[in-house]
Amino acid sequence: MAEGILVALRSLMASHSPKLDALIVPSEDYHQSEYVSERDKRREFVSGFTGSAGLALITANEALLWTDGRYFLQASQQLGGQWKLMRMGEDPAVDIWMADNLPKDAAIGVDPWCVSVDTAQRWEHAFAKKQQKLVQTSSNLVDEVWKSRPPLEINPVIVHPLEFSGRSVQEKLKDLREKLVQEKARAIIITALDEVAWLYNIRGTDVSYCPVVHAYAIVTLASAFFYVDKRKISSETSSYMLKNGIEVRDYSAVSSDVVLLASDQLTPSSSAIKAEHDIPKKIDSNSHEAGNDNVEEESSNNLVWVDGTCCFALYSKLNVDEVLKRPSPLGLAKALKNPVEMDGLKNAHIRDGAAVVQFLIWLDKQMQEFYGASGYFIEGDSVKKNDQPKSVKLTEVSVSDKLEEFRASKQHFRGLSFPTISSVGPNGAIIHYCPTVESCAELDPNSMYLFDSGAQYLDGTTDITRTVHFGKPTSHEKACYTAVLKGHIGLGNARFPNGTTGHTLDILARVPLWKDGLDYRHGTGHGIGSYLNVHEGPHQISFRPPARNVPLQPSMTVTDEPGYYEDGSFGIRLENVLIIKEADTKFNFGDKGYLSFEHITWAPYQRKLIDASLLVAEEIEWLNNYNSKCREILAPYLNATEMEWLKQATEPIDA
């Protein structure tokens, strides 16, 4: 099957005009999304690799797949013999490889809708030294080969009410237009699905785990457009859009409308309401203050703002000298949670924490009853039970389904926020492991169990990881777990001056691991949405250079998730969601102001996996305080039996 796909694609490459020496198949959809719908999983279709990040390159004689450190082990297991794994950070980057290995004047094809302008321009720069060229294919060649491609789904656009969004569309549009005037732009093209959803206060179910709608937006100083399959718009949603001065147009019309926008001829239809009352005051070039009531000299606002993640297809329709290419202002605006979103996130994480605790209680009982495990609290060898019913079998999939059941019982639940990583023993070493019913492992009382999971609630998005052992962990496993925990606590307890980036803080989570010569191949933290994408920028905590781009700021959310993965043995990760807030420090050097973190995730860390002798007094104090808050905060959501288990799980650790 896989070999037949490559043969068919190479045939299309050979007959293409011009003939293609190579074909790039990215992971992304038309909006450069991390998670994509089933019909947009083209890279997975051609390669068999199911991870969320990667890029496939097909030449006449080779098939290569690039992915990052989270997926090295998974990709090596999933790729067939005709594919070669290229490890990002270790092997040459894809643009360097193509420039060095493809012939002079080579034509390299890509669907311009599936690649960002930043990426396309980087490739073009690399190709220039050998006069190679990037060819925008008029159709997606993978779609021509993919005969069983899933059909387009028509899912309704849902209005996200003010009680959860916290800010109206009019307020958001007003802020955005003020940004346009400040940057001398007359319009902005918005392609990221979560940005469109956030700006217009809408949600949907077009992408599994992400409550977004396949749509584009264009906002000018006087108009707002929403490009979507109109079959998804109910009469109520249509009225909502009209009320907010947003004109709904067909999804495919964005292409021709960007052409009109480039020549400043994009205007709303006569039936659309112009949002003239939201046109911001003109900002004088010598002042940051607002001036006259009208937008003056339209020619002074002649730029079209696009983010570097905008698809190359739309960017190519603009006049290059009239493009303002810089990060979308909506990314930061979305990351800075308003008070309503903040309260919602805290409440969602409390309910989610209760679900996780109930799951741990259930799993503890199951492991003891059916597998003879010593259990969550006692360090002991498992006792094989001969009377175990043959029908009882706990697998990575069945227990993750049970966790989803507990979450589904909570208020405002709308589904999972990503595929649950439920992994036993060696599978835990696959950082983004995704079990399947056909091939998943059975739980083992003598092995580590790692679960990384989250949910979508109307008032917030959650993401939590815990690692547990229901038998007798080895001293090595305990030492590794404790090193991860120390890094987790070290980052969470950090205080740092305003202007600090996540690139600077990443080391705090790694130092305890480095002391023993250990490390992990993924970033340490990402932002998280408000009933939106579980991975949200523009900030992050990571060793990777992009983490230098955006300082951490109050009211941002970020995860704290160090880990350690031992191939063939086990994986450990601990993850909480944190809120960034102003810190109350004794001094204020440089008058900068200082920041700190507040944990909003509530679930215990397993005491029997902690080697307390490796902890310092400050770490023990933090753990005991966290445990005390955990009991207090979750008590209203647990019954008496569940509270007894939680009390035992959160008993103080002696200094």
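The model is predicted, so local features need pLDDT of at least 70 and side-chain atom pairs count only at pLDDT 80 or more, while totals for chains, interfaces and linings use all residues. Residues are numbered from 1 along each chain as its sequence is written, and side-chain values use heavy atoms, without hydrogens and water.

Start with the annotation. An unreviewed UniProt entry places "domain: Creatinase N-terminal" at residues 8–139. Such annotations may be inferred rather than shown by experiment. Over residues 8–139 the chain is 30% helix and 20% strand. The end C-alpha atoms of this stretch are 15 Å apart. Helices (H or I, at least four residues) and strands (E, at least two) are DSSP runs, numbered from the N terminus.

Now move to helix 18, residues 617–634. Its 18 residues should span 26 Å at 1.5 Å a residue, and its end C-alpha atoms are 26 Å apart, which agrees. The expected span is 1.5 Å times one less than the number of residues.

Which residues of helix 18 are buried? They are Glu619, Ile620, Trp622, Leu623, Tyr626, Asn627, Cys630 and Leu634. These residues cover an arc of only 160° around the axis, which puts them on the same side of helix 18. The arc is that of the directions from the helix axis to the C-beta atoms. An α-helix has 3.6 residues a turn, so residues three or four places apart point the same way. On the other side of helix 18, Ala617, Glu618, Glu621 and Glu632 are exposed. Buried means under 20% relative accessible area, exposed over 50%, and partly exposed in between (1.4 Å probe, protein chains only). What covers the buried residues includes helix 14 (339–371), helix 16 (475–492) and strand 27 (576–582).

Salt bridges come next. The whole structure has 32 of them. Each is a side-chain nitrogen of Lys or Arg within 4 Å of a carboxyl oxygen of Asp or Glu.

Glu322 and Arg186 form one, at 3.8 Å from N to O. Glu322 lies in the loop between helix 12 (312–315) and strand 14 (323–325), and Arg186 in strand 8 (residues 185–190), so the pair ties together parts that are 136 residues apart in sequence. Glu322 is partly exposed at 25%. Arg186 is buried at 8%.

Arg249 pairs with Asp257, with the closest N and O atoms 2.6 Å apart. Arg249 counts as buried at 15% relative accessibility, and Asp257 counts as buried at 5%. Elsewhere, salt bridges that share partners join Asp40, Arg42, Asp143 and Arg149 into one network.

Note on methods. Contact = heavy atoms within 4.5 Å.
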